[in-house]
Amino acid sequence: MFNLTQDVFTGIIFFIILNFFAMKKVVIIGAGLAGLATSALLGKKGYSVTVIEKNEQPGGRARKELDNSFLYDIGPSWYMMPEVFDRYFELFGKKTSDFYKLIRLDPSYRIFFSDSEFYDIRARVEDNKDVFNKLEKDGYNKFLKYLEKSKFIYESSLEHLVYKDYDDLGDILDPKILAIVPKLSLLSTVHKEVSRYVEDPRLQKLLEFTTVFLGASPYEASGLYSLISHADFNLGIWYPDGGIWKVADALYRLAQDNNVEFRFNEPVTAISVSNGSAVSVKTDQDSYDADIVVSGADYPHTELDLLPEVYRTYGKKYWEKRKLSPSCFNIFLGVGKKIEKLRHHNLYLDPNWDQHFADVRDNPRWPDNPSYYVCATSKTDKTVAPDGCENLFFLVPVAPGLDDTDEVRDHMYQRTIAHFEELVGQKVSDSIRSKMIFAQREFRSYYNSYKGTAFGLAHTLLQTAIFRPRVKSKKVKNLYYTGQFTQPGVGMPIALISAEIVANKILKEQK
Ligand SMILES: Cc1cc2nc3c(=O)[nH]c(=O)nc-3n(C[C@H](O)[C@H](O)[C@H](O)COP(=O)(O)OP(=O)(O)OC[C@H]3O[C@@H](n4cnc5c(N)ncnc54)[C@H](O)[C@@H]3O)c2cc1C
């Protein structure tokens with residue numbers, strides 16, 4: 001009896017030791033949302049995972065920064081598609097509320113067409129009836145029809161299209177996909193779709209501005225992306241109490257709970273490849289052996305800067321021909337007063353918005369009369385600014401690859417603040433307590449962003465699904481990609497979907 005127990009015990013120890021040595025080593029480059037989310041999924045499945053991040057904190061473009069008692073979310077500020085976050089956390093037997101408390105914003109946002117014409121878009125669809133009918137005769141009913149179509153596209157896409165890795169043509173020849181594709185307005189554009197339902201240019205802008213979140217203009221984004229109106233109006237705009245950075249913090253904690261190791265302040269300098277397999281990841285401090293490498297850093301940076309030329313799936317010419325999403329000119333301003341006319345999310349949509357889009361995509365230049373976005377999380381959250389103050393975040397979409405000189409930055413800053421002061425009828429320049437600018441230079445230096453793009457690849461039809469850069473390298477058999485340059489695309493919830501796609505692919509291929 002004693003011997004039997006001892007044998008079983010020895011067997012278990014042997015099994016554990018064997019398993020320990022058999023555990024595959026995964027090295028993930030970048031602790032952005034996609035890298036973090038992938039690391040937790042693979043850690044849970046028993047891989048030995050190390051995440052290497054060049055900056056000092058997790059979150060990537062969704063970082064936070066504290067300056068003179070003002071707390072800023074440096075990148076994303078709109079929490080949309082909450083069910084995608086719920087689904088991700090459920091994979092770990094958790095709820096979103098185990099990590100942060102979500103607040104539904106109402107109004108969802110305020111739209112300014114001028115200093116005297118502005119509208120609150122309310123959380124309940126029916127509460128917007130008066131606004132839509134004021135903007136266009138019978139505008140509300142027309143909008144409801146558009147919203148019905150948007151809901152159909154959203155639900156069909158989430159069910160059949162989005163959680164896929166699109167490795168080969170077979171992935172789109174799936175009969176379920178072929179059956180719905182003709183109904184998804186793929187060959188149309190968001191602007192054409194919206195114009196089918198409403199005529200008033202203000203109402204059109206109100207339904208189209210969200211495509212900028214997808215890194216494209218409504219004139220180039222495939223009609224498929226009109227799905228975002230369902231996310232906006234039906235699923236709602238939310239805020240994690242404390243700040244958007246709570247999302248990165250949740251993923252970071254989840255990864256640690258699943259035994260993921262982290263190295264911060266350690267830029268990756270190279271991926272070493274031998275006989276078509278990645279064997280290690282180099283930093284200037286160390287070298288990490290790897291059985292599998294996943295890059296969550298910007299795809300062009302990984303391919304052009306970290307891999308030997310012969311192992312690039314997509315070379316310089318490929319990237320030069322891609323349509324990039326805009327970059328941004330961002331201003332973070334802590335002001336020592338309340339700005340009465342602002343809500344949590346605010347958009348100024350200039351009458352000249354066509355010219356602004358032309359400046360971003362057709363003839364890249366710094367815009368003269370841009371539309372812009374202002375976020376004031378201090379309207380909802382007492383912890384992000386001192387009493388009686390606001391933490392303002394201005395985002396002006398601009399073309400990527402522009403010359404970001406001191407003179408241009410100063411001009412853009414002065415122009416934006418002067419316009420804003422007129423818009424809200426209050427001075428801010430006399431009470432600034434904290435000021436930071438984050439533009440192309442910072443996108444490049446912080447994230448190794450290609451041409452300073454903020455959101456990666458634009459969501460045009462020819463950069464969607466099968467036409468987007470692949471999740472897996474074609475030249476290096478154990479190198480994978482996640483994040484906003486690959487499947488399915490841009491945005492926080494999309495980063496979680498991207499993580500699930502790549503983790504499932506690795507589980508299937510690299511047991
Ligand atoms: C200004 C702005 C506003 C946005 N607004 C919204 C919004 O409101 N709602 C929304 O859903 N989405 C929004 N987005 C988009 C969303 O933030 C991104 O799509 C998402 O965060 C991208 O995550 P990622 O993991 O793909 O990339 P990233 O966050 O860029 O992560 C990549 C990581 O790799 C690291 N890295 C790069 N090179 C190296 C290297 N050589 N070695 C080690 N590490 C490296 C970077 O430092 C970074 O941490 C916004 C983005 C920006 C920039």
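Predicted model: local features only at pLDDT ≥ 70, side-chain atom pairs only at ≥ 80, totals over all residues.
- The protein is divided into domain 1 (2-61 + 246-321 + 460-509), domain 2 (104-123 + 326-399 + 405-438) and domain 3 (128-235).
- The centres of domain 1 and domain 2, taken over C-alpha atoms, are separated by 36 Å.

**Helix H2**
- H2 has twelve residues, and the distance from its first C-alpha to its last is 17 Å, close to the 16 Å expected at 1.5 Å a residue.
- Eleven of the twelve residues of H2 are buried, so the helix is mostly covered.
- Among the buried residues are Leu33, Leu36, Leu41 and Leu42.
- The cover over the buried residues of H2 includes strand E1 (25-29), strand E2 (48-52), helix H3 (82-90), helix H10 (245-257), strand E13 (292-295) and H16.
- Just after H2, Gly46 takes a positive phi of about 95°.

**The hairpin of E3 and E4**
- Strand E3 (residues 64-67) and strand E4 (residues 70-73) run antiparallel and are joined by four bridges.
- Leu66 stands opposite Leu71 in E4.
- Two residues lie between the strands of this hairpin, and Asn68 has a positive phi near 50°.

**Cis peptide bonds**
- Asp106 and Pro107 are joined by a cis peptide bond with an omega of about 5°; Pro107 sits in the loop between strand E5 (102-104) and strand E6 (109-112).
- Gln487 and Pro488 are also joined by a cis peptide bond, with an omega of about -15°; Pro488 is in the loop between strand E19 (479-481) and H16.

**Positive phi in two asparagines**
- Asn259 is not a glycine, yet its phi is positive, at about 65°. Asn259 lies in the loop between H10 and strand E9 (261-263). Asn259 counts as partly exposed because 15 other C-beta atoms lie within 10 Å.
- Asn275 is not a glycine either, and its phi is positive, at about 50°. Asn275 is in the loop between strand E10 (268-274) and strand E11 (277-283). Asn275 counts as exposed because it has 6 C-beta neighbours inside 10 Å, and the cut-off for exposed is 12 or fewer.

Key. Residues numbered from 1 in each chain as written. Pairing = 2+ DSSP bridges. Domains from an automatic or database assignment. Expected span 1.5 Å × (residues − 1). Buried ≥ 20, exposed ≤ 12 C-beta atoms within 10 Å, placed from the backbone. Contact = placed C-beta atoms within 7 Å.
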